[in-house]
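Please open the model in your viewer and keep a selection tool at hand. The tour goes from the whole chain to single residues.

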Amino acid sequence: MSLNAAHTQGPAITLTQARLLHLHAQGLLQSLRRRARRADVVAMIERMRLLQIDTIHVVARSPYLVLHSRLGHYPRVWLDEALAGGQLVECWAHEACFVPAVDIALHRGWREQRTHHWAYRNAGQMHRDQRAGMDELLAGIRHSGPVRAADYARAEADKGAAKSGWWAWKPEKRWLEAWFALGELMVARRDGFQRVYDLAENVLMRLDPPFDHTAEPQSAAELRRRFIADSVRALGVTQAAWVGDYYRLKPAVTDEELAPLLANGELLATAVQGWNKPGYVHRDHVDALQKASLGRLRATHTALLSPFDPVVWDRARARAMFDFDYSLECYTPEAKRSYGYFVLSILHRGRLVGRLDAKAHRADGVFEIKTLFLEQGVKAVPALLAAVASAIITTARWHDTPEVRVTGTESTALTKMLRVALIAAL
């Protein structure tokens with residue numbers, strides 16, 4: 001790879017060192033060396049810049065699991081309380097996400113640039129076609145206060161309708177989501193993971209830190225530069241082509257667009273072995289980049305990663321960074337799945353070494369390992385299996401399903417070895 005003089009500000013690193021820098025930025029290089037504290041939830045989301053929300057709960061719902069991968073055992077209610085306390089807000093970012101309250105002005109300012117997203121397109125169409133119903137719903141909230149979608153009864157004609165996605169929702173749910181996308185409503189809190197919607201002005205008034213209504217709005221160009229810089233910071237080291245996916249920026253980010261950020265010192269460029277494009281690092285990670293180049297970043301952590309974890313959600317980045325070809329299969333027909341419904345990536349000492357399809361049987365307190373596959377070339381040595389078994393048990397206990405059962409793995413031999421490792425880890 002050739003880089004001109006303007007693009008040689010950082011030391012060259014190997015691909016392994018790039019992985020470690022990425023995991024360092026994401027809080028996944030080493031286990032937390034103390035018990036998690038309430039403030040760690042918000043601090044970790046500030047570090048990642050966002051936390052994607054998904055409602056699938058065959059294991060723990062994704063946002064809680066992403067935090068567990070980084071914080072270890074913590075009460076899940078801490079995330080709910082941070083939202084209700086105004087330290088976090090919900091908005092559309094990568095997809096639906098929790099973001100730090102301090103960033104909400106950026107996201108509200110960026111709404112007009114998100115018109116390509118399905119949620120905004122649907123909201124705009126809904127507003128044009130069903131304005132009377134939407135206005136009536138908004139007036140009701142203004143008069144009576146926060147609501148859940150469950151507070152509205154589904155009409156008999158809608159029950160059992162063979163629909164899916166947005167259009168399967170009852171009208172009030174669609175209207176709530178449309179007003180949320182359009183910025184008139186925000187999520188005040190969650191009740192059993194159900195959104196409780198309130199007027200945006202009320203939610204903004206309760207934020208911590210307070211929302212500054214007098215702040216000068218930033219231009220679209222300024223907001224895009226901020227999102228680009230925050231993406232590079234969250235990723236640790238990245239190619240330009242991967243930057244836009246973090247906040248779903250359109251059009252794609254290019255090396256040419258990053259040149260001014262190199263010129264002003266906000267970003268550094270570094271050569272990464274095997275990449276034919278520059279790697280970009282935020283200036284906040286200069287020390288970590290130097291440590292990586294000297295072999296002083298060491299990965300000791302083993303964890304199970306949600307399918308919606310930032311480390312794996314960009315398939316091209318995961319393939320280039322970890323040689324890990326990963327795709328989400330929960331929306332794929334069962335007969336066409338390669339690995340399972342809700343497959344957790346297995347992170348071990350800086351590498352993605354396998355995939356685990358699990359199911360939590362909450363009523364029985366059982367954490368079932370439905371399948372487990374190791375990546376090609378990864379050997380089932382005792383140290384690896386011991387670390388994976390420990391991560392499984394830790395996750396199961398945190399999830400209140402402490403009994404671990406192994407239904408199967410890629411081979412009978414691996415199933416037996418994993419069961420032995422699980423017994424030894426208890």
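What follows is a series of selections, each with a note on what is found there.

**Before selecting anything**

This is a predicted model, in which local features need pLDDT of at least 70 and side-chain atom pairs count only at pLDDT 80 or more, while totals for chains, interfaces and linings use all residues. Residues are numbered from 1 along each chain as its sequence is written, and side-chain values use heavy atoms, with hydrogens and water left out.

**The whole chain**

Begin with the chain as a cartoon, where 16 helices and 13 strands can be displayed; helices (H or I, at least four residues) and strands (E, at least two) are DSSP runs, numbered from the N terminus. The chain is as compact as a globular protein of 426 residues, because its radius of gyration of 23 Å is close to the 22 Å of the globule rule (the radius is taken over C-alpha atoms, and the rule is 2.2 Å times the number of residues to the power 0.38). If you switch to the C-alpha trace, its span along the principal axes is about 65 × 60 × 40 Å.

Next, colour the residues by accessibility: 52% of the 426 residues count as buried, where buried means under 20% relative accessible area, exposed over 50% and partly exposed in between, with a 1.4 Å probe and protein chains only. With a surface shown, the accessible area of the chain comes to about 19,400 Å², and carbon and sulfur atoms account for 50% of that; such areas come from the Shrake-Rupley method with a 1.4 Å probe, and for residues only the protein chains shown count as cover. Of the contacts (heavy atoms within 4.5 Å) between residues at least 6 apart in sequence, 65% join residues at least 24 apart.

Then select the charged side chains, of which 56 are positive and 46 negative, the centres of the two sets lying 6 Å apart. In this count Lys and Arg are positive and Asp and Glu negative, with His and the chain ends not counted, and each charge is placed at NZ of Lys, CZ of Arg, CG of Asp or CD of Glu.

**Asp103 and its partners**

The structure holds 26 salt bridges, a salt bridge being a side-chain nitrogen of Lys or Arg within 4 Å of a carboxyl oxygen of Asp or Glu. Select Asp103 and Arg49, which form a salt bridge whose closest N and O atoms are 2.6 Å apart. This pair links distant parts of the chain, 54 residues apart: Asp103 is in the loop between β3 (96-100) and α5 (104-109), and Arg49 is in the loop between α2 (38-48) and β1 (51-52). Asp103 is buried, at a relative accessible area of 2%, and Arg49 also counts as buried, at 10%. While Arg49 is selected, check its backbone, where phi is positive at about 80° although the residue is not a glycine.

Is Arg226 buried or partly exposed? Arg226 is partly exposed, with a relative accessible area of 31%.

**A second salt bridge and a network**

Move to Arg319 and Asp325, whose closest N and O atoms are 3.5 Å apart in another salt bridge. Both residues are partly exposed, Arg319 at a relative accessible area of 38% and Asp325 at 39%. Now select Arg49, Asp103, Arg226, Asp230, Arg233 and Asp284 together, as salt bridges that share partners join these residues into one network.

**Backbone stops**

Select the peptide bond from Asp208 to Pro209, which is cis, with omega near 10°; Pro209 lies in the loop between α9 (200-205) and α10. The peptide bond from Lys250 to Pro251 is cis as well, with omega near -5°, and Pro251 is in the loop between α11 (240-247) and α12 (255-263).

Phe193 is the next stop: although not a glycine, this residue has a positive phi of about 70°. Phe193 sits in the loop between β5 (185-191) and β6 (194-199) and counts as buried, at 10% relative accessibility.

Finish at Gln239, in the loop between α10 and α11, which counts as buried at 12% relative accessibility. Which residues is Gln239 in contact with, leaving aside its neighbours within four places in sequence? They are Trp275, Lys277, Pro278 and Tyr280.
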